[in-house]
Amino acid sequence: HYLLHIHHILVDFPLTAVWLYISFFLHANMFYKTVQIIHSFPLFFLSNQPTLDIFFFLFKRDNQIAICRGWKGIRFADNSRYMFTYLSANKETSGLKKTVWLTQNEALLQELKSKGYETCKEKSIRGYWLYLRAKYIICDQLVEELPRFITHKSVLVDLWHGMPIKKFGFWNGIQWNMRNSYLMTCSEKGDIMIGGAFNLSPERYIHGMYPRNYYLSHDIPLLLDKEKEIIKRLISLQEKGKRILFYLPTFRKEQIPFLGTNNEEERHRFFDLLKGNDYIMVSKMHFYGAMTNHDKINEADESVINLPPETDIYPFLKMADILITDYSSVLFDFLYLDRPIICYAYDMNQYKQNDRGLLLDYEKLPAQFAFTLEELIVLLSKLSKGAKTDGLSQTREAWLDKYWGNMTIDHTIKNILEL
């Protein structure tokens, strides 16, 4: 808010502008205080291109600062979280002197600070200052969430959040404003699947491994306290011989019932199957579905662990013996673990015709398929004797190579920091 008034000072008060310029590089607090003093001056033209060029001629971006943020400035999850985690843990090799997480979540802010990580309130003077100083601005949602002036002359990177099965963006007639950002498409196949959803030149595509997938095979150095509790609980269940199922459905246009049915008798048969085969099912509704449609899980069965919709699943996904999903991109991530996948598409025809629709031939995915809850019960009964009995390991490996290639996290970091 305060920085929206810089233009007036630059034009009408050149001596103040010189002092602002000097204080910017001398000391951050001096800069903040100067801005606070002059914030009441009106600004009408900061969105004007020449004005932005003048501002960034005076205030150069720092090549050694990167900032990361989650969706709406609220979530601490997904690719931007794990990019922040990786860069924070590898400062020497990355060449960055500062990697900062920006958030509007005060509780998260305090927890990250207590764990020794650099973080800042997004909508604060220092937050805007960092936006204007950082060369790299990294997110995993739409860049149009950010005001244009704070991304001007930065390397704006949209990591995105999944190799899609369902249509989105341009595929559904929606054209997002990507400005001059870069988009992580991961691979040549991703150039088609992800890149095709955006009106963006292929020269702006980035190949590499999703940061969240890197941590499927590596320890995560930054875990929130509540995540540690969930991991502790799951380890305890595994030590008791329980096998972990993850049920992760994507969102729909309308509210969805848990497990795709309102029939309590059917659901109870499913829960009996879980208990009779030492399964524990961890489930979470999609964050967007919970926000827009109020999707929720009301079950209180002892064989089901319900995670809040805002939970980041990636600290726990590697603990799953079997993944159950529908049209979610988590299917492609789970290929790295080479474990059984069940596509439970109870509404496939409806979804194809009246919802998002699908980008590929669904029944060719490297998974087993259930189209009713009864079929899901049968498949889980067959898999109850071993996690490798589906016979699809080679198929999963072929799809892993086809969609992700041989990209590593080193490719990701190199291809971003060399922009």
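This is a predicted model: local features need pLDDT of at least 70, side-chain atom pairs count only at pLDDT 80 or more; totals for chains, interfaces and linings use all residues.
Biologist: What order do the strands of the open sheet take, and is the pairing parallel or antiparallel?

Modeller: The open sheet is formed by 7 strands in the order β3-β2-β1-β4-β5-β6-β7, and the pairing is parallel. The edge strands are β3 (119–121) and β7 (205–207), since each of them pairs on one side only. From one strand to the next, the twist averages 30 degrees.

Biologist: How do you know that β1 and β2 count as a pair?

Modeller: Two strands pair if there are at least two bridges between them, and 5 bridges join β1 to β2, which run parallel. Within this part of the sheet, C68 stands opposite W101 in β2. Helix α5 packs on the sheet, where α5 touches β1, β2 and β4, and the direction of α5 makes about 150 degrees with that of β2.

Biologist: Why is the contact between K97 and D62 called a salt bridge?

Modeller: The cut-off is a Lys or Arg nitrogen within 4 Å of a carboxyl oxygen of Asp or Glu, and the closest N and O atoms of K97 and D62 are 2.9 Å apart, so the pair meets the rule. K97 sits in the loop between α6 (91–94) and β2 (98–103), while D62 is in strand β1 (residues 62–69), 35 residues apart. D62, K97 and R133 are linked in a network of salt bridges, and by this rule the count comes to 22 salt bridges.

Biologist: Why is D62 called buried, but K97 partly exposed?

Modeller: Buried means under 20% relative accessible area, and exposed means over 50%, with partly exposed in between. D62 has a relative accessible area of 11%, so D62 is buried, whereas K97 has 45%, which lies in between, so K97 is partly exposed.

Biologist: What makes R69 and E145 a salt bridge, and which parts does the pair tie together?

Modeller: The closest N and O atoms of R69 and E145 are 2.7 Å apart, which is within 4 Å, so this pair is a salt bridge too. R69 lies in strand β1 and E145 in the loop between β4 (134–139) and α9 (148–151), so the pair ties together parts that are 76 residues apart in sequence. By the cut-off of 20%, R69 is buried because its relative accessible area is 5%, while E145, with 24%, is partly exposed.

Biologist: How do you know that the buried residues of α17 are on the same side of that helix?

Modeller: The buried residues of helix α17 (residues 373–383) are L373, L376, I377, L379, L380 and L383. They cover an arc of only 165 degrees around the axis, which puts them on the same side of α17. The buried residues of α17 pack against several elements, including β8 (243–248), α13 (264–276) and β9 (279–284).

Biologist: Why are α13 and α17 called roughly parallel?

Modeller: Angles under 35 degrees count as roughly parallel, and the axes of α13 and α17 come within 10 Å and cross at roughly 5 degrees. The two helices, α13 and α17, are therefore roughly parallel to each other. Where they meet, the residues of α13 include F270 and L273, and those of α17 include L376 and I377.

Conventions: Residues are numbered from 1 along each chain as its sequence is written. Side-chain values use heavy atoms; hydrogens and water are left out. A salt bridge is a side-chain nitrogen of Lys or Arg within 4 Å of a carboxyl oxygen of Asp or Glu. Helices (H or I, at least four residues) and strands (E, at least two) are DSSP runs, numbered from the N terminus. Buried means under 20% relative accessible area, exposed over 50%, partly exposed in between (1.4 Å probe, protein chains only). Axes are lines fitted to C-alpha atoms, for helices over the stretch in contact, and angles run from 0 to 180 degrees between N-to-C directions. Contact means heavy atoms within 4.5 Å. The arc is that of the directions from the helix axis to the C-beta atoms. Angles under 35 degrees count as roughly parallel, over 145 as roughly antiparallel, 65 to 115 as roughly perpendicular and the rest as oblique.
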